[in-house]
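Dear colleague,

I am handing over the structure below, and my notes on what was found in it follow directly after.

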Amino acid sequence: MEPRADFGEDFGFSGLTKYVQSRFVPREAAGILSFVESLLDVEGRAYALEVVEDIRRLTESLLSDDALSIVWLAATEARFDPSGGNLTIRAWLQRIADTCIGFVRREDPAFVPSGPGPVRHPELMDTVLVEIRQVGAALNEKAVASVYPPPLAALVPTLEAAVAELGPDLGFRLFLRAMKVYFVPIGPARLERFERIGSQLGYHEWVVEDGSLNIWSDLEN
């Protein structure tokens, strides 16, 4: 796969959800899948493969359907709820993965996706969990009080479970998406820690801070 630092913005499943959050993307299944095809025409094979790996890690995990739904709704600002279209969350995620696989097979008809690889940088799991727990109260307050996206009272424990089950790489990216969607205030010191984690995970600096984090210079954390 392409080195992580070569993606100049968020990538994989988390990067895709950033686009789905946009008000310019249709809020129904067919429209979203059509948008994914258009996005892959721009981003290419490496991006598609990252999305497929992330989705396989999610759908083959022990996380419940409720947990996966919370992850999806939080990351996309609930722009589309697949349950309203009589889709299970795993079936919906698989449709996205199948769209990515179809894109790759245009040039490589024999392509067969492999299972998710080993968890990247397991030594960072505790570090990511500490960051989630330290902002947990603030994130929970935003998630519970939210009108749009709908309140997600179980968001913080779900993110903790995601890190434990999926690993610090995808878990950290899902946490960042929630922090950006709910616009939770953080200080420069916390941003520096987020950027340090991103660097250790091999990310380009803009994966962490792309202008969407709510940074307050007078906050200590």
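A residue is called buried when its relative accessible area is under 20%, exposed when it is over 50%, and partly exposed in between, using a 1.4 Å probe and protein chains only. On that basis, 51% of the 221 residues of the protein count as buried.

Please keep in mind that this is a predicted model, in which local features need pLDDT of at least 70 and side-chain atom pairs count only at pLDDT 80 or more, while totals for chains, interfaces and linings use all residues. Residues are numbered from 1 along each chain as its sequence is written, and side-chain values use heavy atoms, with hydrogens and water left out.

The protein contains eleven helices and two strands, these being DSSP runs (H or I, at least four residues, for helices; E, at least two, for strands) numbered from the N terminus.

As for salt bridges, each a side-chain nitrogen of Lys or Arg within 4 Å of a carboxyl oxygen of Asp or Glu, the count comes to 16. One of them joins Asp169 and Arg120, at 3.6 Å from N to O, and this pair links distant parts of the chain, since Asp169 lies in helix α9 (residues 168-181) and Arg120 in the loop between α5 and α6, 49 residues apart. Asp169 is buried, at 6% relative accessible area, whereas Arg120 is partly exposed, at 28%.

Asp169 also meets Arg173 in a salt bridge, at 3.2 Å from N to O, and both of these residues are buried. Salt bridges that share partners join Glu53, Asp54, Arg57, Arg120, Asp169 and Arg173 into one network.

With kind regards
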